[in-house]
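Here is a short report on charged side-chain pairs. Look at the structure first, then read on.

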Amino acid sequence: MKLSKKFLRKSMIQKTTAMLLTAGIMTITACSREDGGSSVSISNDGKVNSRIVENFDKSYYDQEELKQKILREADEYNLTAGEGAVSVEKVDVDEDVVKVEMTYATAADYAAFNDADFFVGSAAEAQDAGYNLNRVLISANNSLETIGMSDILGMTDAKILITDAKDPVVLNGKAEYTSNNVTMDEKLKTASFDEESKELAYIIFTN
């Protein structure tokens, strides 16, 4: 079974299962969001919590091997990043579905561990980190209202999330402005992303 690069690209469980697929011992299919799919949430203390849900074929995978592989990857990362940078909270398999819950000390740890773009901070910090803020963002409350780079940099009390995530992200605040590849829920707290977009997603949010 051959999986697309887009499907395999940005999560620890996906990297691990890709390795097992190469070894010929596992098959995997995406779990639908209706079944309580994968998501990422940002905590008030700056930690990032990741919930990964995937369907597995019991005739091919080894649950203990998967668990130990994830734990080894986390331990190896912590050797250089520092103890507690990545914590594996749960690896559980129930009725052909594997659920992995992980906690990252910072957004930077989430980004580094998953080889992803996942920046959370001020607009000025994002600019210093090399992200392009010469963007037009759309108001989360009024689709006819837009802002540009000078406005973004002027929102010093707000935070900005810049990511290439495809799974939903729950903010520790309320979205104010987003790029056009982002859809917010009614409470403006949970972001969904255009899976076909090749552009980074931008969300300005306030507590």
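Which side chain meets E101 in a salt bridge? K90 does, at 3.6 Å from N to O. A salt bridge here is a side-chain nitrogen of Lys or Arg within 4 Å of a carboxyl oxygen of Asp or Glu. E101 lies in strand β5 (residues 97-104) and K90 in strand β4 (residues 86-94), so the pair ties together parts that are 11 residues apart in sequence.

This is a predicted model, where local features need pLDDT of at least 70, side-chain atom pairs count only at pLDDT 80 or more, and totals for chains, interfaces and linings use all residues. Residues are numbered from 1 along each chain as its sequence is written, and side-chain values use heavy atoms, leaving out hydrogens and water.

The count comes to three salt bridges.

| Pair | N to O distance |
|---|---|
| K69 and E73 | 3.2 Å |
| E101 and K90 | 3.6 Å |
| E199 and R135 | 3.8 Å |

Helices (H or I, at least four residues) and strands (E, at least two) are DSSP runs, numbered from the N terminus. K69 and E73 sit in helix α3 (residues 63-81). They are four residues apart, so about one helical turn separates them.

E199 and R135 link distant parts of the chain, 64 residues apart. E199 is in the loop between β13 (190-193) and β14 (201-206). R135 is in the loop between α5 (123-128) and β7 (137-139).

Now for exposure. Buried means under 20% relative accessible area, exposed over 50%, and partly exposed in between (1.4 Å probe, protein chains only). K69 and E73 are both buried. E101 is partly exposed at 29%, and K90 is partly exposed at 32%.
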